Every structure is written in structure tokens, then in C-alpha cells.
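Please report on the fold and packing of this protein.

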Amino acid sequence: MSSQEDPFQQATPAPAASSGDDGMTWWYKWLCRIAGVIGGVSCALAGLWNCVTINPLNIAAGVWMMLNAFILFLCEAPFCCQFIEFANAVSARADKLRPWQKAAFYCGMAVFPVILSLTLTTLLGNAIAFATGVLYGLSALGKKGDAISYARIQQQQKQVDEEKLTGTLEGQAL
């Protein structure tokens, strides 16, 4: 009978595997997702506009920007990619990433086309995608503490400093 209970216990997800432990509020998660979708739209449009040229670096940057848009849509809004079978799996894996990992990934992929071709189109097209990475980076810093806890920490630090100072002065006087 215990062998029948084991599959049910293994099928239930662990509570630590949820993405609710990253310290982000619901409205900040939605802000990051909306910024990712808008960043994807701006990357796609600017990337398409960048491809309408004869300069090969502009074309490469435009293709990279459209790839960035696809990745942003895939990670932040998988419902936009319903025709792709693995969209939900990629989105679920992206949701398990820590905010600083998303920040590094989004900022890194937004900087690369600008390095390839420094034009106004690449700068403006990747600005919102980069801002999405910045939003995730800010969430990785954590919540702001209250003044009472900071004052308590400061008071404890002063007491430790005074004890060290009096200990060194007494040691010199002997």
C-alpha cells in the first residue's frame, strides 16, 4: 500500500520550488513582465527596421534584436507563442531563475546588438529590454528595510566599536 502512496507524493511539487520566495510583490512581477513584453515589441520593430539596410553589421544587429524579442516573449509571455510546443516549459524554467540571473541575461542580450552596431535604432530598440533587466536587478537587491531596524543595527555597531576602543585603550594603559 505504501508503494501506491509514493507516486502521489512524488507528483506533488515541493513548496520551495515555487517562485514566490524571491521577495517580489505581485505588482512588481507584473511590472517586470509587462516591461519584458514591451521590450520584446520594441526589439522586434527596431530589429526589423535595422534589417532594411545594406550594412552587414546592421543586419546582424537587427537579427539579434529579433532573436531577443523572441526570447523575451518566450520567457515573459508564453501565451504569445502558443504555436511553439516548448514555450510553457521554457517559461517555467525562466520563472525558476533568480532575479539577478534574469537581470544579467536580459541586460547582456540587450547590450550585444548595441556593440555590433551603435545606431539610434539599436539604442532605442534595446532600451526597454535593458530596462527589464534593470527592473529584475533592482528586485534582486531586496526590499528596503525600515528605519527602526537600521537604527537598532547602528546602535549595536556603536556599542561594539566603543567596546573595541575601550579595550585597546585599557590594554595600552597597562
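## Helix H2 and its cover

H3 and H6 are among the elements that cover the buried residues of H2. This is a predicted model, where local features need pLDDT of at least 70, side-chain atom pairs count only at pLDDT 80 or more, and totals for chains, interfaces and linings use all residues. Residues are numbered from 1 along each chain as its sequence is written, and side-chain values use heavy atoms, with hydrogens and water left out. Helices (H or I, at least four residues) and strands (E, at least two) are DSSP runs, numbered from the N terminus. Buried means under 20% relative accessible area, exposed over 50%, and partly exposed in between (1.4 Å probe, protein chains only). Contact means heavy atoms within 4.5 Å.

The buried set of H2 is Tyr28, Cys32, Ala35, Gly36, Gly39, Gly40, Ser42, Cys43, Ala46, Gly47 and Asn50. The length of H2 agrees with expectation, because 25 residues at 1.5 Å a residue should span 36 Å and the end C-alpha atoms are 35 Å apart. The expected span is 1.5 Å times one less than the number of residues.

## Overall fold and confidence

The protein has seven helices and zero strands. Along the sequence the pattern reads α-α-α-α-α-α-α. Buried residues make up 28% of the 174 residues. Of the contacts with a separation of 6 or more, 65% join residues 24 or more positions apart.

Mean pLDDT (the predictor's confidence in each residue, from 0 to 100) is 80 for the protein. A value of 70 or more is reached by 81% of its residues. Residues 5–19 stay under 50 throughout. For that stretch the model has three contacts beyond four places in sequence.

## Annotated spans

The unreviewed UniProt entry carries the annotation "transmembrane region" for residues 30–49, 61–84 and 105–136. UniProt positions are given in the numbering used here, feature names are shortened, and annotations may be inferred rather than shown by experiment.

Residues 30–49 are 100% helix and 0% strand. Their end C-alpha atoms lie 28 Å apart. Residues 105–136 are 91% helix and 0% strand. There the end C-alpha atoms lie 10 Å apart.

## Nonpolar cores

A nonpolar core is a set of buried Ala, Val, Leu, Ile, Met, Phe, Trp, Tyr and Cys residues joined through side-chain atoms within 4.5 Å. The largest one has 16 residues. Cys32, Tyr106 and Tyr136 have the most contacts inside it. Helix H2 (26–50), H3, H5 and helix H6 (120–141) each supply at least two residues of this core. Another core, of five residues, lies apart from it and includes Phe73, Leu74, Ile84 and Ala87.

What does Tyr106 touch, not counting residues up to four places away in sequence? Its partners are Leu72, Cys75, Glu76, Ala129, Thr132, Gly133 and Tyr136.

## One side of H4

Helix H4 (residues 87–96) has three named buried positions: Ala87, Ser91 and Ala94. They lie on the same side of H4, because they cover an arc of only 60 degrees around the axis. The arc is that of the directions from the helix axis to the C-beta atoms. These buried residues pack against helix H3 (56–76) and helix H5 (99–116). On the other side of H4, Asn88, Ala89, Arg93 and Lys96 are exposed.

Asn50 sits in helix H2. It is buried, with a relative accessible area of 5%. Leaving aside neighbours within four places in sequence, Asn50 is in contact with Asn58, Ile59, Ala61, Gly62, Met65, Thr119, Thr121 and Thr122. Asn58 belongs to helix H3. Asn58 counts as buried because its relative accessibility is 12%. With the neighbours within four places in sequence left aside, Asn58 is in contact with Asn50, Thr53, Ser117 and Thr119. Asn58 and Ser117 are 59 residues apart along the chain, yet their C-alpha atoms are separated by 5.7 Å.

Ser139 is part of helix H6. Its relative accessible area is 10%, so Ser139 is buried. Not counting residues up to four places away in sequence, Ser139 touches Met24, Tyr28 and Pro99. Ser139 and Cys32 are 107 residues apart in sequence and 9.5 Å apart in space, C-alpha to C-alpha.
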